[in-house]
Amino acid sequence: MEIHRFCFRAMGSPCEILLAGMDQNQTKGIYELARAEIERLEQRYSRYRPENLLSAINRVAQAGGSLEVDAETAALLDYAAVCYRESDGLFDITTGILRQVWRFPLDTLPEPATLTGLCARIGWDKVHWERPRLEFLQAGMELDFGGIVKEYAADRAAVLCLEAGIQHGLVNLGGDLRVIGPLPSGQPWRVGIRNPEQPAQMLGWIHLAEGAIATSGDYLRCQVIQGRRYGHLLNPKTGWPVWGLASVSVVAQNCLVAGSLSTIALLKGKRGVQWLAELSVPHLWIDSQGKRGGAGLLRSLL
Amino acid sequence: MQRSLDRWRSVLVAGLISLTGCASSVDPWERGVLARPEMTLDPDPLESSLRQHVFFSKEAIGGGHGVGGGGCGCN
Amino acid sequence: MALAEAAVAVIEHSEPLLEARLDPEEPIGPQAPFPHPTLAALTSAAFALPGLATPTQAATPEPRQWDLGYFHYQEHGERMRVESLKQRLVLPLGDDWDLTFNGVRDTISGASPIYDLPEIRCQDGRVITPPVLSVSGASGPLPTNAGAPPERPPLNGDCRIGSVRQVLLEDTFQDTRTLGDLRLNHYRGDLVLGLGAGVSNEKDYDSAFISLDLRKTFNDGLSTLTAGYSLASDTLSPLNQPDLTEDKTAHQFLLGLTQVLSRHELIQLNLTLSDDLGYLSDPYKGIYVLATNQAVAERRPDRRQQWNLLARYVRYVPSFRAALHLDYRYSTSDWGIEAHTLEASWIQPLGAGWSLTPRIRYYSQSEAEFYRPYLETLPDSGDYSSDYRLAGFGAWSWGLKLAQALTDEIQFELGAEWYDRQSRYALQGHSDSAFSDYGFAIYGLSLRWRF
């Protein structure tokens with residue numbers, strides 16, 4: 001049975017959707033539906049689109065004050081609140097303003113005083129969230145749905161395809177991958193995991209019949225200054241890049257959860273290793289020295 | 001007869017409870033193996049229906065796999 | 001935040017089915033029966049997002065498939081043989097329906113046992129085969145010693161029944177059986193409704209049947225509950241008794257549960273009740289009566305209730321990349337028959353599309369309350385049958401099947417199975433029926449086409 005592959009760019013990443021089990025016309029229609037949903041989410045929540053929903057929220061965040069949000073944003077905020085709670089405050093959607101100083105490539109390291117000043121304007125605890133009203137208790141804040149929206153978009157696209165009757169396929173948004181259903185033969189998809197240290201190389205292959213895999217890492221956006229590596233993933237409490245793990249992949253039922261778990265593990269640094277083991281989810285970690293560990297179906301990549 | 005019926009009923013009910021109660025959860029992405037053709041309960045329906053028909057006509061007991069199917073002069 | 005665009009991106013989808021490295025059989029980490037609170041919290045928060053809850057993994061119509069098979073059944077000696085041609089066609093009809101059509105054509109020939117004749121041995125060395133003055137039914141073998149007076153010594157201390165032998169209905173008849181049935185499945189979310197109907201015709205036996213079953217999946221797709229009912233209405237018009245027409249009705253009720261136990265195991269439990277009413281005797285079977293030297297028609301009760309509890313277990317064995325199937329069936333019937341059936345098969349992929357399936361089966365039944373190899377005198381009432389299938393016996397059978405998937409669409413199968421019935425193999429206590437021991441073989445050749 002033919003597998004139709006659609007490649008496109010969205011959310012700043014190369015993306016692909018693979019669909020099988022229907023004829024070309026039906027498949028194309030369903031792909032367009034999924035693609036439109038991804039674009040809708042990107043339009044609403046991208047930091048780079050002016051005059052979108054997020055920029056409207058951030059105008060209020062900048063000035064301080066409150067606004068009412070729609071149901072979808074409310075659900076994303078609820079989800080972000082759970083991430084904040086479960087990560088002991090490490091996964092924080094208000095961390096974005098730190099990018100004002102951590103702008104790669106870095107010329108110099110930011111002044112500690114600058115970071116302290118910014119950190120005062122960071123923290124989900126400085127936001128009062130009670131559906132549907134979102135109130136910024138402090139001015140000069142900023143929300144950023146990175147780490148949530150791309151993963152959510154992959155899941156949404158997959159669910160749309162399922163609802164349209166697709167039983168075989170997958171959605172891959174720049175490495176955030178969600179399986180719609182196994183191959184028409186019932187066999188799992190063979191998904192190659194690139195070596196984050198040397199992207200041209202493969203670490204190996206895993207097999208996914210359902211579920212999702214997401215990877216967080218700082219290989220692509222990091223810099224070594226005076227022998228020390230600085231990544232783009234920032235600790236909201238200190239304002240400094242987190243250190244310890246370089247890449248974490250997690251397999252979960254949906255891409256959103258897989259993405260959050262991998263991000264939280266990375267934010268936890270070395271403690272993330274123990275935390276992942278306690279969660280007993282299939283995972284793979286690579287630390288800054290290149291050491292690897294993992295469990296479940298990703299252990300084959302060690 | 002009635003007694004043995006009751007006995008079976010209680011065995012089945014106990015079985016249902018213990019099966020659904022103790023089975024650890026198997027997440028969807030782990031079910032790939034169970035989706036293999038050889039892991040289905042009846043991987044070869046043509047052959048199994050023939051075998052069941054033969055055993056049914058040569059033994060006093062038959063069936064148990066499902067409902068349906070007709071009688072024949074073979075038994 | 002964390003975007004590793006290049007970390008996971010290569011997808012292949014046209015791997016050969018049996019390539020060794022395709023098997024995701026690395027043991028998974030410890031599987032907690034309950035997820036970690038963080039995982040549970042994130043998962044439930046994720047599902048609260050609009051449009052993220054996956055539509056329940058509903059059962060869907062079967063893919064198009066056509067199976068065609070030729071089977072040759074041969075009993076040892078010059079006994080019965082059956083040539084069977086079978087086909088099974090599965091057609092999905094839209095998103096919510098599928099249709100299965102089964103067709104069978106059996107050609108039956110050869111001899112089969114009709115009654116058992118005792119032999120009398122005396123201490124003085126005489127061996128006397130009692131005469132057979134008449135046999136019920138027109139097409140039975142001609143009585144031996146017709147017209148001669150019944151002459152045999154009394155069965156006392158000097159003379160007793162020494163052995164018993166089967167008398168066969170010679171290879172005089174050939175019959176064909178034609179069966180056609182349709183089964184329609186309707187898929188509706190986690191529910192599947194199945195409706196079936198069919199007919200089967202032989203020269204002397206017609207059957208019409210309908211069935212209804214309902215399957216419901218629950219517990220996140222891990223459990224399936226099945227309930228079913230079928231009704232068969234049969235008419236017999238035995239060739240050896242042209243004036244006789246008899247009816248039989250068979251009800252079957254089924255309750256089943258299929259449960260995924262782990263990522264490698266599943267189990268099914270089926271409880272079925274069969275309730276047969278009407279003419280349940282075999283019109284071709286007789287029983288020998290010593291007192292009158294006649295083989296008279298057998299007589300069975302006009303109702304039979306039978307319970308089956310079937311447990312089927314399937315397990316994947318990662319180190320061999322094989323599937324193990326274990327079946328156990330406990331059966332009990334109000335004719336006094338209790339039976340155990342144990343079956344195991346091992347589906348072993350060999351690479352390059354080949355697979356080999358060895359199989360072994362053991363069956364044991366106790367005898368029916370009214371089973372007698374022969375009668376001393378004909379009782380005024382009650383039931384009696386010397387049908388070897390109602391005796392106590394056990395049977396071992398073993399088989400082998402070789403399959404070759406030429407492509408994803410086409411597969412050939414070649415199989416053989418040998419069956420050995422022995423009175424002494426039975427687990428339960430029973431009267432000896434070693435004179436009925438026999439065996440048979442089944443050879444099969446089939447083709448499967450997914451199109």
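Predicted model: local features only at pLDDT ≥ 70, side-chain atom pairs only at ≥ 80, totals over all residues.
Of the 302 residues in chain A, 52% are buried. Contacts in this chain also reach across the sequence: among those with a separation of 6 or more, 58% link residues 24 or more positions apart.

Eight of the strands of chain A form an open sheet with antiparallel pairing, and reading across the sheet gives the order β1-β2-β6-β7-β10-β13-β14-β15. At the edges stand β1 (3-10) and β15 (292-295) of chain A; each has a single partner strand, so one side of each is left without a neighbour in the sheet. On average, neighbouring strands of this sheet are turned by 10° against each other, direction ignored. A look at one pair shows how the strands are joined. Strand β13 (residues 245-252) and strand β14 (residues 283-287) of chain A run antiparallel and are linked by five bridges. Within this pair, Val250(A) stands opposite His283(A) in β14(A).

Helix α1 (residues 24-45) of chain A lies across β1, β2 (13-20) and β6 (168-173) of chain A, and runs at about 20° to β1(A). Helix α7 (residues 271-279) of chain A lies across β13, β14 and β15 of chain A, and its angle to β14(A) is about 170°.

Asp155(A) has its place in helix α5 (residues 149-163) of chain A. Is Asp155(A) buried or exposed? The cut-off for a buried residue is 20 or more other C-beta atoms within 10 Å. Asp155(A) has 28 other C-beta atoms within 10 Å, and therefore it counts as buried. Leaving aside neighbours within four places in sequence, Asp155(A) is in contact with Arg178(A), Asn254(A), Cys255(A) and Leu256(A), and also with Leu52(C). Asp155(A) and Leu173(A) are 18 residues apart in sequence, and their C-alpha atoms are 9.9 Å apart in space.

The nonpolar cores come next. The largest nonpolar core has 101 residues, and those with the most contacts inside it are Tyr79(A), Ala157(A), Ala258(A) and Leu261(A). At least three residues of this core come from each of domain 1 (3-39 + 148-301) and domain 2 (53-136) of chain A. Which residues does Tyr79(A) touch, not counting residues up to four places away in sequence? They are Ile148(A), Ala45(C), Ala46(C) and Leu49(C).

Attention now turns to the strands of chain C. Strand β20 (residues 354-365) and strand β22 (residues 393-405) of chain C run antiparallel and are joined by twelve bridges. One of the paired positions is Trp354(C), whose bridge partner in β22(C) is Gln404(C). Strand β22(C) is also joined by twelve bridges to strand β23 (residues 410-422) of chain C, and these two strands run antiparallel. Here Gly394(C) has Gln422(C) in β23(C) as its bridge partner. The link from β22(C) to β23(C) is a hairpin through four residues.

Chain C also holds an open sheet of four strands, in the order β7-β16-β15-β21, with mixed pairing. Its edges are β7 (134-135) and β21 (374-375) of chain C, each with a single partner strand, so one side of each is left without a neighbour in the sheet. Strand β7(C) runs parallel to strand β16 (residues 294-297) of chain C, and two bridges join them. In this pairing, Ser134(C) stands opposite Gln294(C).

Definitions and conventions:
Residues numbered from 1 in each chain as written. Chains lettered and ligands numbered in written order. Pairing = 2+ DSSP bridges. Axes fitted to C-alpha atoms, helices over the stretch in contact; angles between N-to-C directions. Contact = placed C-beta atoms within 7 Å. Core = buried A, V, L, I, M, F, W, Y, C linked by C-beta atoms within 7 Å. Buried ≥ 20, exposed ≤ 12 C-beta atoms within 10 Å, placed from the backbone. Domains from an automatic or database assignment.
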